[in-house]
Amino acid sequence: MTGSTILAARALTMRYGRDGALVRAVDEIDLEVPAGQTVAVMGPSGCGKSTLLHLLGGLQRPTGGEIWLADHRIDAMSERALARLRRDHIGFVFQSFHLMDELTAVENVELAALLAGQSPRRARRRALHLLDRVGVADRAGHLPSALSGGQRQRVAIARALSNEPLILLADEPTGNLDSAATVEVLRLFEELRAAGQTLVVVTHDARIAAVADRMISMRDGAFADDSRLVGSAGGTGYATGTVYGSGTVYGGGR
Ligand SMILES: Nc1ncnc2c1ncn2[C@@H]1O[C@H](COP(=O)(O)OP(=O)(O)OP(=O)(O)O)[C@@H](O)[C@H]1O
């Protein structure tokens, strides 16, 4: 791990007005994610996990605070610049896959590579390489409807990697998968972690959290706990780190 920060948030806040009341979905969160770190975000339903992930990925604008991806300040960007940044530097994985039904597995991945500016030849080569990497090369020519849930999610992960993202953001990636498919995705995340991919994953699944370098527990829009694995890969458990959002935890993980 290089120790350089890939993702940072300062006093990040998202408030929703509802029935005259204010919901603080994300409440003044501070966060630094070093390059190569895998972070699991857990917490009860409604505590703000998805909102946090959407803010970090520039899918939603915060009502307060700053977000930095490498040296880009994304909360202040124009829509156009933000769309470009997402396309070129961020990978997203969602619970419900979001594959295009009328495109084959390889075309789904290839399209993302093309949109990120790769030449048609390179995009096809990269798509095939990524499908191989996630273990579904033999399903490249199949439509999503002919794939299992686990295979679909692996194609979605390949697609998310097509732009060689600075960071991969995953929202409940195993939420729609059975136990066997969850294990497949789990193994894939372990491989990505070993390859140094920076990753933030929102999950209810303790097995996913167990392969992360760092686990953040959220409650009521804030960090209730922020813990890192003790030692290096294969570690011996979690050590409690900085609590309640004052929050910078440097050099965690590997
Ligand atoms: N568009 C919205 N308008 C109003 N309130 C919202 C909106 N989106 C989310 N919220 C509220 O913000 C809070 C956080 O929601 P969020 O979806 O981020 O939680 P979560 O931890 O991801 O939940 P889950 O685990 O159930 O997906 C909740 O109280 C939710 O009702």
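Start with helix H5 (residues 149–161) and helix H6 (residues 179–194): their axes come within 8 Å and cross at roughly 25°. (Axes are lines fitted to C-alpha atoms over the stretch in contact, with angles running from 0 to 180 degrees between N-to-C directions; helices are DSSP runs of H or I with at least four residues, strands are E runs of at least two, both numbered from the N terminus.) That makes H5 roughly parallel to H6, the label for angles under 35 degrees.

This is a predicted model: local features need pLDDT of at least 70, side-chain atom pairs count only at pLDDT 80 or more, and totals for chains, interfaces and linings use all residues. Residues are numbered from 1 along each chain as its sequence is written.

Next, select Gly149, Gly150, Gln153, Arg154 and Ile157 in H5; they meet Ala180, Ala181, Glu184, Val185 and Leu188 in H6 (contact: C-beta atoms, placed from the backbone, within 7 Å). Color by type and you get five nonpolar, three polar and two charged (nonpolar is Ala, Val, Leu, Ile, Met, Phe, Trp, Tyr, Cys and Pro; charged is Asp, Glu, Lys and Arg; the others, Gly among them, are polar).

Now hop to the ligand. Around it, pick out Tyr16, Arg18, Val23, Ala25, Gly43, Ser45, Gly46, Cys47, Gly48, Lys49, Ser50 and Thr51 (C-beta, placed from the backbone, within 6 Å). Strand S1 (5–18), strand S2 (21–34) and helix H1 (49–56) each supply at least two of this shell, with H1 giving the largest share, three residues. By type, the shell holds four nonpolar, six polar and two charged residues.

Finally, zoom out: the protein has seven helices and eleven strands.

Terms used: Angles under 35 degrees count as roughly parallel, over 145 as roughly antiparallel, 65 to 115 as roughly perpendicular and the rest as oblique. Two residues are in contact if their C-beta atoms, placed from the backbone, lie within 7 Å.
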